[in-house]
2 protein chains.
Amino acid sequence: MQEPTLLLLTALADAPRHGYALIQEVAAISDGRVKMRTGTLYGALDRLLGQGLIEVAAEEVVDGRARRTYALTGAGREALAAEAGRLRAVATEAERRLTKIRAMLPGNAGSQGRPASGGGLS
Amino acid sequence: MQEPTLLLLTALADAPRHGYALIQEVAAISDGRVKMRTGTLYGALDRLLGQGLIEVAAEEVVDGRARRTYALTGAGREALAAEAGRLRAVATEAERRLTKIRAMLPGNAGSQGRPASGGGLS
DNA sequence: ACCTATAGGTAGGTTGACGATATATGTAGT
DNA sequence: ACTACATATATCGTCAACCTACCTATAGGT
């Protein structure tokens, strides 16, 4: 699952929303960094509907404009929770490794971390 | 940046590694869930080299086999840190929204605009 | 002889994100 | 009245990234 898709599910996690509102919500979640285009949005919505992760919660006409409201399904909720946990684990590991003090001096390559499967350098 | 790429940078964060070791390291980081194929690996390595996020740290011949060792550059280190922080924020937000108690009961769609004032969508 | 692990690489197909475009209504300014 | 912008949904073609499958080659185990 890619990030735009994850943001979409996240935007639906607390309340059902319609397409246009999702674009704004995704922008809000990502602090304005992700401006989702309609091409991405409706493509993703179709895909997620097909995967059963979201469903159409309502189809109304508000002020003369058609409005289709989407909601997370149980499966979508589970998928989002699993994905979020996984991403958190990767982020934690990345940060842990970045802060690890490396004794990587010239001529000392490969001495850190696990030994490379028995076969040392020549 | 997608997850395989992120895992690759993470695998290089604590020490330089060569291609095959990266596949194993990525598998270890992801708890065996991501078994990166060589097609993905070398495509990503080429891309990251082009972006200046990694560099070739060493080219040796070990036991008759060529071995190219890759390392994170300063830019790669920054990119990984930024990416990890971003992902953590998204994961946190997703989890926060998922645990939020929703007042979205059936027939209670009031928080999402007023109920249908017209017919459904085409 | 065969298999597995190590090590690196290419070819081709699929997926998903994206930009561009189309349609239509409401609101605000000039 | 006209123009511009925000709201709202939708399709199409392109492209980057990923993935499957395949290939070469050495070392060591069964």
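In the hairpin of β2(B) and β3(B), which residue takes a positive phi, and how many residues lie between the strands?

Reply: The model is a predicted one. The residue is D63(B), with a positive phi near 55°, and the hairpin has two residues between its strands.

Two of the facing positions can be named: V56(B) stands opposite Y70(B), and I54(B) stands opposite L72(B). Strands of a sheet pair through backbone hydrogen bonds, either parallel or antiparallel.

α3(B) spans residues 38–51, and it packs with α2(B), residues 19–29, at an angle of about 115°, the two axes being 11 Å apart. Angles of 65 to 115 degrees count as roughly perpendicular, and α2(B) and α3(B) are therefore roughly perpendicular to each other. The crossing in which α2(B) passes α3(B) is right-handed. From α2(B), G19(B), Y20(B), L22(B) and I23(B) take part in the contact, and they meet T38(B), L41(B), Y42(B) and L45(B) of α3(B). Sorted by class, this contact of α2(B) with α3(B) has six nonpolar residues, two polar ones and no charged ones.

One of the bridged pairs is V62(A) with R65(A). The hairpin of β2(A) and β3(A) has two residues between the strands, and D63(A) in the turn has a positive phi of about 55°. β1(A), residues 17–18, pairs with β3(A), residues 65–72, in the antiparallel sense over two bridges. R17(A) has Y70(A) as its bridge partner in β3(A).

α4(A) and α4(B), the latter spanning residues 74–99, pack at an angle of about 150°, with axes 8 Å apart. Angles over 145 degrees count as roughly antiparallel, so this pair falls in that class. The crossing of α4(A) and α4(B) is left-handed. Residues of α4(A) in the contact include L80(A), A84(A), R88(A), E95(A) and L98(A), and those of α4(B) include L80(B), A84(B), R88(B), E95(B) and L98(B). The contact of α4(A) with α4(B) divides into 14 nonpolar, four polar and six charged residues.

One further link between the chains is a salt bridge. K100(A) pairs with D14(B), the closest N and O atoms being 3.4 Å apart. K100(A) sits in the segment after α4(A), and D14(B) in the loop between α1(B), residues 3–11, and β1(B). Over all chains, the count of salt bridges comes to 22.

Key
Residues are numbered from 1 along each chain as its sequence is written. Chains are lettered from A and ligands numbered from 1 in the order in which they are written. This is a predicted model: local features need pLDDT of at least 70, side-chain atom pairs count only at pLDDT 80 or more; totals for chains, interfaces and linings use all residues. Side-chain values use heavy atoms; hydrogens and water are left out. Axes are lines fitted to C-alpha atoms, for helices over the stretch in contact, and angles run from 0 to 180 degrees between N-to-C directions. Helices (H or I, at least four residues) and strands (E, at least two) are DSSP runs, numbered from the N terminus. Angles under 35 degrees count as roughly parallel, over 145 as roughly antiparallel, 65 to 115 as roughly perpendicular and the rest as oblique. A crossing is left-handed if the near helix is turned anticlockwise from the far one by less than a right angle, and right-handed if clockwise. Contact means heavy atoms within 4.5 Å. Ala, Val, Leu, Ile, Met, Phe, Trp, Tyr, Cys and Pro count as nonpolar, Asp, Glu, Lys and Arg as charged, and the others, Gly among them, as polar. Two strands pair if DSSP finds at least two bridges between them. A salt bridge is a side-chain nitrogen of Lys or Arg within 4 Å of a carboxyl oxygen of Asp or Glu.
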